[in-house]
Amino acid sequence: MRFKILLLLLISICFSCKKDTVSVATADQSLTSYVNTFIGTGGHGHTYPGATMPFGMMQLSPDTRLEGWDGCSGYHYDDTYIYGFSHTHLSGTGILDYGDILLMPTTSVNFHNGADGQPGYRAPFSHDKEKASPGYYEVHLDSTNIDVALTVTQRAGMHKYAFAKADNQYIILDIEHRDILLDGSINILSDTEISGHRFSESWAKEQKLYYYIKFSKPIANDGTLFYSYIEEGTGAHSNSKPIKGPITKAALKFDNPNNEPIYVSVGISAVDEAGAKKNLETEIGSKTFEQIKQEAKDTWEKQLSKIVIEDAHLDNKTNFYSALYHTMIAPNIYQDVDGRYRGIDQKIHETTDFEYYTVFSLWDTYRAAHPLYTIIEENRTNDFINTFLAKYNEGGILPIWDLSANYTGCMIGYHGVPVIADAYMKGIRGYDTDKAFEAMLHSATRDHLGLEAYKEFGYIPVEEESESVSKTLEYAYDDWTIAQMAKSKGDMDTYNTFIERAQYYKNTFDPSSKFMRGRVRNTWFSPFDPFEVNFNYTEANAWQYSFYVPQDITGFTKLIGGKKVLETQLDELFTAASQTSGRDQADITGLIGQYAHGNEPSHHMAYLYNFINKPYKTQEKVREILTTLYTNEPDGVSGNEDCGQMSAWYVLSSMGFYSVTPGSSQYIIGAPLFDKASIYLENGNTFTVQATNLSDENIYIASAKLNGTSYPYSYITHEDITKGGSLVFEMSAQPSNWATDDAHIPSTEIKESLIVPVPFIAKGDIAFKKQTEIVLGTGEEETTIYYSASEGDFLKYEGPITITEPTTLYTYSEKEGQKSVTIKTEFYKIDENLSIQLDAEYANAYNAGGNDALIDGIRGTANFRTGTWQGYHDRDVIATVDLGKNQDITSIETNFLEDQGSWIFFPTEVELLVSSDGKNFKPYKSQKIATPTPTDKVAIKTIKGEGKRSNIRYVKLIAKTLGPVPTWHKGHPYKGRSWVFVDEIAIQ
C-alpha cells in the first residue's frame with residue numbers, strides 16, 4: 001500500500017514539475033505514524049483515543065469516566081480506571097451521550113462497575129501500557145492481567161482479549177452503562193452469539209441501537225449469569241431463565257482450555273438486529289483481527305494522504321495529522337450496508353443514492369470543518385447535504401445539531417444553511433438544489449427561537465428570547481448566505497429580502513461602547529461589562545461576539561468608526577485581561593486577552609486585520625495561536641474539540657489560509673507554518689503551498705507568487721485551489737508592505753438594499769418615579785429620528801423628551817428616504833412613595849432592571865433568560881419595601897421561579913414581615929416549600945399573604961436559598977449551588 005502511495009506521489013511530482021518549478025510535498029514515512037489519538041483526551045478536549053474509521057459508524061474506545069463535563073467522550077487522560085469498552089463515542093462535544101454496549105473482560109463475576117470505590121468490574125490501567133493509532137487501540141488491565149486490543153471497520157469492530165490464565169475467563173456485557181436506559185435486551189442465540197438492543201435517553205432523547213456479537217470461543221454451559229432490576233434501587237443475578245424485570249447485564253464465562261485469545265466481533269445498527277448482523281458479516285466476515293487492523297491502517301493512510309506536508313519539526317507534523325484525523329471522525333455514517341437507515345421521523349428508510357450521516361455539530365463546524373470538506377471531501381459534502389435534505393423531508397426542518405435520528409435542540413442559528421450555500425457557491429451541487437433552497441428558506445421563516453421578533457423588529461429583544469445578541473448576529477450571517485444563493489439562482493426578490501436581514505447586526509451595535517449589546521425594552525442592557533458572560537450571548541461575552549459580522553466586514557468597519565478604530569478594538573481584544581466575569585462558562589478557554597480560541601465565536605478574529613490593511617498582525621496572531629494553543633500533549637487542544645472544528649482551524653491555518661466567510665469564495669491568508677503542504681483534490685489536481693526562508697523568527701510574508709506570478713493579495717479563492725497550482729511565500733523576520741494596499745485586501749460588503757438601523761433609548765428609565773428624561777440614539781450618522789407618544793403624530797427628534805406619566809413611545813429612523821421599522825416602548829410609573837432596600841446582592845446578569853426591579857410593576861415570564869427576574873446565587877433574598885408612610889395593607893404577594901435545568905430552585909422558606917418603624921418586624925406570612933424532586937418543567941410559585949394590618953410602613957421579604965443543589969441534580973458532581981429568582985413584591 002505504501003509503495004502505491006509513494007508511486008502516486010512521484011507521478012504527481014513529475015506532473016507538477018511540468019506545470020511549474022514547485023514540487024509537491026512528499027511523505028517521508030507512514031502518515032498514520034504521526035497521529036497521536038491522545039491529543040485532546042486531557043484538559044477540556046473531550047476526545048477519545050479508541051478505534052474508528054474515517055467518518056465511521058463505530059467508535060470502539062475505552063470508558064474511564066461516567067459523568068461530568070470532562071467525561072463527555074467517555075475517556076479522560078487523568079483517569080486511572082477503565083470500566084470497559086463501548087462502541088459509540090462523541091468527539092469533542094459538551095454533553096454526555098453514547099457509550100453504547102459496554103464489554104469488559106474480567107476474571108470474576110461482579111455486576112457492579114465499581115464507580116463508588118467498592119469492588120466492581122472496572123480495572124486500573126497505566127498509560128505506559130496503552131497504545132493507540134488510527135483504527136487501533138490496546139491496553140493492559142493491571143488488576144486482571146488481561147491484554148485488550150481493539151480494531152474496527154465502518155460499522156463493526158473486533159475486540160481481542162488475552163487472559164493470563166485459562167480459568168475464570170469472563171466477559172461482562174453491560175447495556176445499562178452510561179446514559180438512561182429506556183429499554184434493552186440481551187438474547188443468547190447460541191454458545192457463540194448474542195444479539196439485542198439498547199434504547200436510551202440523554203442528549204438524544206430517543207436513541208435506538210441494535211447489536212450482534214459473535215465470540216471466537218464458546219460460552220460455558222453453566223457460564224451465563226444475568227442481572228436485572230427487580231425493584232427500584234436493587235438488583236439481582238441468576239443463572240435461571242426467565243428472570244423478572246428487564247435484563248441489563250450479563251456475565252459470560254468461556255471455555256478456553258488452551259488459553260488462546262478470545263476474539264469478540266460486534267456489529268451495530270440503528271435499524272434492527274438483522275442489520276447489525278449483516279453489517280458484521282459483510283465487513284468482518286471471516287477476516288482475522290490482524291487483517292482488519294491492517295485494512296483500517298491502510299484506509300486511514302489513504303485518507304490522511306489527501307494533504308501531505310513537509311516540515312522539520314516532528315511536533316508540527318504530529319499536531320497537523322492529529323488535527324486532520326480529528327476532522328475525519330465526524331460526522332458519522334448512520335446507514336447499514338444495505339442502504340437502510342433510521343430517519344429523524346424514527347421510521348426506516350433506504351437509499352443507495354448517497355450515504356446518510358449523523359452527528360452534525362453545525363454551530364461549530366460550519367466555520368472551518370465544512371469549508372475544509374469542500375476542498376478535500378467534495379463527494380462527502382454532497383452526501384452531507386443530501387443527508388440534510390433527507391432529514392428535512394423526514395422531520396420538517398434542516399438539522400441544527402442532529403444526533404442519532406434526534407433533533408437535540410442544541411445551539412443557535414440555522415447553520416445547515418451556510419453549509420449548503422458554501423458548497424453551492426463553490427460549484428458543489430450533487431443534490432436537488434431547488435429542494436435545498438426551499439429547505440433553507442423554511443429554516444429562516446419559522447416563528448421560533450426568536451425569529452418572530454427578529455423578522456418584526458430587525459433584532460431580537462432581550463425580553464423576547466435568550467442569547468438575543470448572538471442569535472441576531474448568527475441569523476444575520478445565515479441570511480446573507482441565503483441571499484448569495486438566491487442571487488446566483490436569479491431570485492432577486494428573495495435576495496433583496498435576505499440581504500436586508502443580513503444587515504440586522506446593525507441593530508445590536510451600541511455606538512457609545514462599540515460593542516454588540518442586548519436591547520431590553522429598547523434600552524441597552526445595563527450595567528454593561530464587556531467581560532461579563534450572561535444570557536445575552538451564547539457561551540461568550542461581548543468581547544467574543546462583537547466582531548461577528550463576517551458577511552459585511554466593510555460595513556461593520558464603517559459602523560464602528562473606520563479601520564483605525566477597528567484595529568484599536570482588535571488590539572484591545574488580544575491584550576485585555578484574560579478573565580471573564582458573570583456566569584462561569586467552561587467553554588471559554590484558550591484565552592489570549594479576551595480572544596477565546598477554545599470556543600468557536602472567536603475563530604475568525606485574528607484574520608480581521610487583513611481587512612484593515614494590517615496583514616502582518618494576522619500573521620503574528622495566527623502563529624501565536626498555532627504554536628501555543630495546539631501542542632503534542634493530551635491537553636493539546638485549548639477547548640473541547642467540537643467534532644473537528646478546533647482541528648479544522650489548525651489544518652487550514654497551518655497551511656496558510658482560513659475561511660472567514662463561508663458562502664464566499666475567499667480564503668483569507670494568514671501565514672504558513674510548514675515548509676510545504678500539498679492538497680490532493682478529488683478532481684485530480686494538486687495545490688501546493690510553499691514557504692521559503694521559513695523559521696521560528698521568519699513569520700511574516702515578504703512576498704508571494706501564485707503559479708509563478710507575483711501575488712499581492714491577502715486572500716485566495718476556492719477556484720485558485722481547485723484548479724491546482726502553487727502558492728509560494730517568501731518569509732521574513734520583519735513585517736513588510738505585502739498586501740497592504742486597498743486594492744489587495746479582502747472585502748465582504750453589502751452595497752444593496754441598505755437598511756436604516758432602528759433607534760434606541762440611549763438614556764432614560766423604563767420604570768420611573770416622578771419623571772424621566774429620554775434621549776434617543778441610532779447606530780449610524782446622518783440619520784433622522786422620529787417619535788410619537790401614544791400613537792399621535794410623529795415629530796422629528798431634536799433633543800431630550802421628558803416623560804411624567806405612563807407612556808407608550810413609538811420611534812423610527814430615516815435616512816435618504818429609507819425608513820427603519822417602528823419600535824414601540826412602554827414606560828411605567830412607579831409610586832414615588834415606594835422605595836426598596838436590598839440586603840443581598842443580585843447577579844448583574846439577572847438584574848431585571850436594577851434596584852427597583854421588585855417594585856416596578858413589570859412581571860417575569862416563565863423564561864428567566866428574558867431578563868425580568870432578579871437572580872440571587874447561593875444566598876438568601878432579603879428585601880425591605882418602604883411604603884413612604886404608615887397605612888393599612890390587606891395583602892402582600894411575590895413570585896418565585898423554578899427551572900431546575902438551569903439550577904434555579906424555589907426557596908426552602910419564604911417569610912413576609914411587616915413593621916411600622918422599620919426596626920420591629922412582625923410575621924405576616926410564613927411558608928415552607930417542599931423539598932424539590934426532579935422535574936424538567938418550568939414553574940412559577942406565588943406566595944401570597946392576606947389579612948388587614950394597620951399602621952404599616954415597611955414590608956420585608958426573606959427567601960431562603962436551597963444552597964447546594966440536590967444530590968440527584970446534574971450540578972451535584974460540580975458542587976453546584978442553587979439560584980433564587982424572584983420578581984415583584986406587590987402590596988395592597
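Ground rules. I number residues from 1 along each chain as its sequence is written, and side-chain values use heavy atoms, with hydrogens and water left out. Because the model is predicted, local features need pLDDT of at least 70 and side-chain atom pairs count only at pLDDT 80 or more, while totals for chains, interfaces and linings use all residues.

Aromatic pairs. I looked up the ring pairs and found 53 (rings of Phe, Tyr and Trp, the last by its six-membered ring, with centres within 6.5 Å; planes under 30 degrees apart are stacked, over 60 edge-to-face, the rest tilted). Tyr545 and Tyr548 are buried (under 20% relative accessible area, 1.4 Å probe, protein chains only). Tyr607 and Trp649 are also edge-to-face, because their planes stand at 65 degrees, with centres 6.4 Å apart. Tyr607 and Trp649 are both buried. I noted one aromatic cluster of Phe55, Tyr357, Phe360, Tyr373, Phe384 and Phe388.

Charges over rings. Lys160 sits over the face of Phe289, 5.9 Å from the ring centre (NZ of Lys or CZ of Arg within 6 Å of the centre and within 35 degrees of the ring normal).

Sheet. I traced an open, mixed sheet of six strands, ordered E18-E35-E36-E40-E37-E38 (strands are DSSP runs of E, at least two residues, numbered from the N terminus; two strands pair if DSSP finds at least two bridges between them). E36 (residues 686–692) and E40 (residues 725–732) pair in the parallel sense over six bridges. Thr688 has Ser726 in E40 as its bridge partner.

How values were computed:
Buried < 20%, exposed > 50% of the residue type's maximum accessible area, 1.4 Å probe, protein only. Helix = DSSP H or I, 4+ residues; strand = E, 2+ residues; numbered from the N terminus.
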